[in-house]
Amino acid sequence: MNVKDAINQRKSIRKYLNKQVPEDIIKDLLDAARKAPSAKNTQSHKYFIVKNQDVINELKKEKAFEQPFVYDAPLIIVCCADSKQYPERKNADSSPEDYALIDLSIAASFLVLRATELGLGSVFVAWIYADKVRKILGIPEEYIIPFVLPIGYPAEDPDPRSRKDLDEILF
Ligand SMILES: Cc1cc2nc3c(=O)[nH]c(=O)nc-3n(C[C@H](O)[C@H](O)[C@H](O)COP(=O)(O)O)c2cc1C
């Protein structure tokens, strides 16, 4: 599969087979994120791999995620970034928080495209309660937790969501 195919075939998947994602595949996904570009090559991102059922049960008990399907994923990659790793720039509008979020989002996109190539389904989930996730997983305060990525082998094949035409996204 080439990049264009992965871009075209990716779609949000919210139902997963009851099948674990092998360790080497998880490493492969993280390697795709690792290779993403970042502002000043800061690489402020960090990931918490959740696949232990006890941990998932704890997240469920505390209602860390709004949508129940997230707890049914065999793998949840919690995406984090530390904005303090960027220097304050007095002569720029972008804040360290902006950079942290931009870099993390790019890296997660690389990860998701690689997941698509490997036959995995995923979805960005920002409807989360980050403080609960932080507390349960022990993620340090300096890390933002803007979204998680539930990942698994797809158990659904939804119709692709529509997209605006090119002329609609151009000024
Ligand atoms: C930043 C971001 C946050 C999202 N948060 C959620 C979410 O909390 N729950 C959810 O079910 N889908 C979430 N989505 C998935 C979007 O709804 C989905 O990407 C969009 O409808 C387009 O569909 P597609 O991914 O199948 O192409 C999110 C997507 C992005 C990029």
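## Lys 11

Lys 11 is partly exposed, with a relative accessible area of 21%; buried means under 20%, exposed over 50%, and partly exposed in between, with a 1.4 Å probe and protein chains only. The model is predicted: local features need pLDDT of at least 70, side-chain atom pairs count only at pLDDT 80 or more, and totals for chains, interfaces and linings use all residues. Residues are numbered from 1 along each chain as its sequence is written, and side-chain values use heavy atoms, without hydrogens and water.

Lys 11 sits in the loop between α1 and α2 (23-34). Helices (H or I, at least four residues) and strands (E, at least two) are DSSP runs, numbered from the N terminus. Lys 11 and Val 112 are 101 residues apart in sequence. Their C-alpha atoms are 9.7 Å apart in space.

## Ligand site

Ala, Val, Leu, Ile, Met, Phe, Trp, Tyr, Cys and Pro count as nonpolar, Asp, Glu, Lys and Arg as charged, and the others, Gly among them, as polar.

A backbone N or O atom of Ala 126 is 3.1 Å from a ligand oxygen. For a backbone N or O atom of Trp 127, the distance to a ligand oxygen is 2.9 Å. Arg 163 uses its side chain: one of its N or O atoms there is 2.7 Å from a ligand oxygen. On its own, the ligand has 610 Å² of accessible area, and the protein covers 66% of it. Areas come from the Shrake-Rupley method with a 1.4 Å probe; for residues, only the protein chains shown count as cover.

## Largest pocket

The largest pocket has a volume of about 240 Å³. On a 1 Å grid over the protein atoms alone, a cavity is a set of points where a 1.4 Å probe fits but cannot get out, and a pocket is an open set with protein on both sides within 12 Å along at least five of seven lines; lining residues have an atom within 4 Å of a point. Grid points are joined across faces, edges and corners, and a volume is the space filled by probe spheres set on the points.

Lys 11, Ser 12, Arg 14 and Arg 163 are among the lining residues. Helix α1 (residues 3-9) gives the largest share of the lining, three residues. By class, the lining has four nonpolar, two polar and five charged residues.

## Second pocket and Thr 116

The second largest pocket holds about 160 Å³ of space. Of its 13 lining residues, Gln 9, Ile 13, Thr 116, Leu 120 and Pro 154 are the closest to its centre. Its lining has four nonpolar, five polar and four charged residues.

Thr 116 belongs to helix α4 (residues 96-117). At 11% relative accessibility, Thr 116 counts as buried. A polar atom of its side chain lies 2.9 Å from the backbone oxygen of Val 112.

## Positive phi

Lys 40 has a phi near 55°, a positive value in a residue other than glycine. Lys 40 lies in the loop between α2 and β1 (45-50). Its relative accessible area is 66%, so Lys 40 is exposed.

Lys 63 also has a positive phi, about 55°, although it is not a glycine. Lys 63 is in the loop between α3 (53-61) and β2 (75-82). At 57% relative accessibility, Lys 63 counts as exposed.

Notes. A polar contact is a pair of N or O atoms within 3.5 Å; within protein, one must be able to donate a hydrogen and the other to accept it, and residues adjacent in sequence count only if both atoms are side-chain atoms.
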